[in-house]
Amino acid sequence: MTDHNEPSGTPAVPGAVTVTASRTATVGNTLVRRALPLRSRRTVGPWCFADHMGPTPVSPTQPFSVGPHPHIGLHTVTWLTDGELIHHDSLGSEQPIRPGELNVMTAGDGVVHSEQSHATTPGRIEGIQLWVAQPDASRHGPAAFVHHTDLPTIGLHHGQLTLLAGTLPGLEVTGPTTLSDEGGLVGCELKLTGDAVVPINPRHEHAVVVLSGSVGIDDIELTPGNLGHVAPGRHELAFRVNATATVMLLGGPPFDEPLLMWWNFVARHRHEIEQARAAWVNRDERFGPVDTPLARVPAPGLPWQASSL
Ligand code: MN
């Protein structure tokens, strides 16, 4: 798959909400609902990847695991609503993540990580992994990993908002991560128990990804397995909620750099992808080792080369 974020031919109506169905993909041994990227929508702000996984049962004999694999040019943003995962990376990080906590890994010029469920505890895993495309100014920089356990929350009339990154108009707090520097993006979780109104930046576009329950916006109903895109030009989102819902709200200024995404790499040009792939295949020091018994994930062949290693 090659993902160019070419502009679509039809300009969006200001503030309009449009729905795209996620596609089913496999990560490790688990099915996910991939809301980004799709052919019809590559990015929402700098958010370029969104996998909603689970709820999936895990046990010592049936774990969730993704072996060591490389990334370039992006931040991974991991958020769980159920269960526990353990993150290992080539920076030496070993970090369990639980619901309400946030993992942010910056790939820059190259990083490797693995993720697995807890080795001894049966249970369920549910969550979302997001990628943020790094801007040209920082994407060749160093890798980094940050774990946040104390995120700002704001009470809503019917629910609670937790800021993962950036902020929303009128809020006096900001999400804690370095992501907040990447061009004014926002990422938050909404746990809603009834109708709620959330202010949004009218210069940003937004994605609404429902993890559980359903929400209505205008005359559109959003459920898990869909992405609601909100075009710039809107000052608030009014959610209709009949019971309870958990929703991710992601936004930012439309990403105007020409992205090229392939496998786990976010770049601008084919030669960058080819170099990163070769470094992984050749076990180059660009992608260091991860302290885990899990097997490395092999790189697939490049779609624009008839035969590649
Ligand atoms: Mn990864």
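User: How do the residues lining the largest cavity divide into nonpolar, polar and charged?

Analyst: This is a predicted model, in which local features need pLDDT of at least 70 and side-chain atom pairs pLDDT 80 or more, while linings use all residues. Residues are numbered from 1 along each chain, and side-chain values use heavy atoms, without hydrogens or water. The lining, meaning residues with an atom within 4 Å of a cavity point, consists of T76, T78, L85, H87, I97, N103, M105, H113, E115, Q129 and F145. With Asp, Glu, Lys and Arg counted as charged and Gly among the polar residues, the division is 4 nonpolar, 6 polar and 1 charged.

User: How much space lies in the largest cavity?

Analyst: The structure holds 1 cavity of 30 Å³ or more, a cavity being a set of points on a 1 Å grid where a 1.4 Å probe fits but cannot get out. Elements giving two or more residues to its lining are β7 (74-82), β8 (85-89), β10 (102-106) and β11 (111-117). As the space filled by probe spheres set on the points, the volume is about 60 Å³.

User: Which residue in β23 stands opposite V209?

Analyst: An open sheet of 7 strands (DSSP E runs of at least two residues) runs β2-β21-β18-β23-β16-β15-β14 with antiparallel pairing, and its edge strands are β2 (17-21) and β14 (153-156). Within this order β18 stands beside β23, and these strands, residues 205-212 and 245-252, pair over 7 bridges, where pairing requires at least two. In β23, the residue opposite V209 is M248.

Methods. On a 1 Å grid over the protein atoms alone, a cavity is a set of points where a 1.4 Å probe fits but cannot get out, and a pocket is an open set with protein on both sides within 12 Å along at least five of seven lines; lining residues have an atom within 4 Å of a point. Helices (H or I, at least four residues) and strands (E, at least two) are DSSP runs, numbered from the N terminus.
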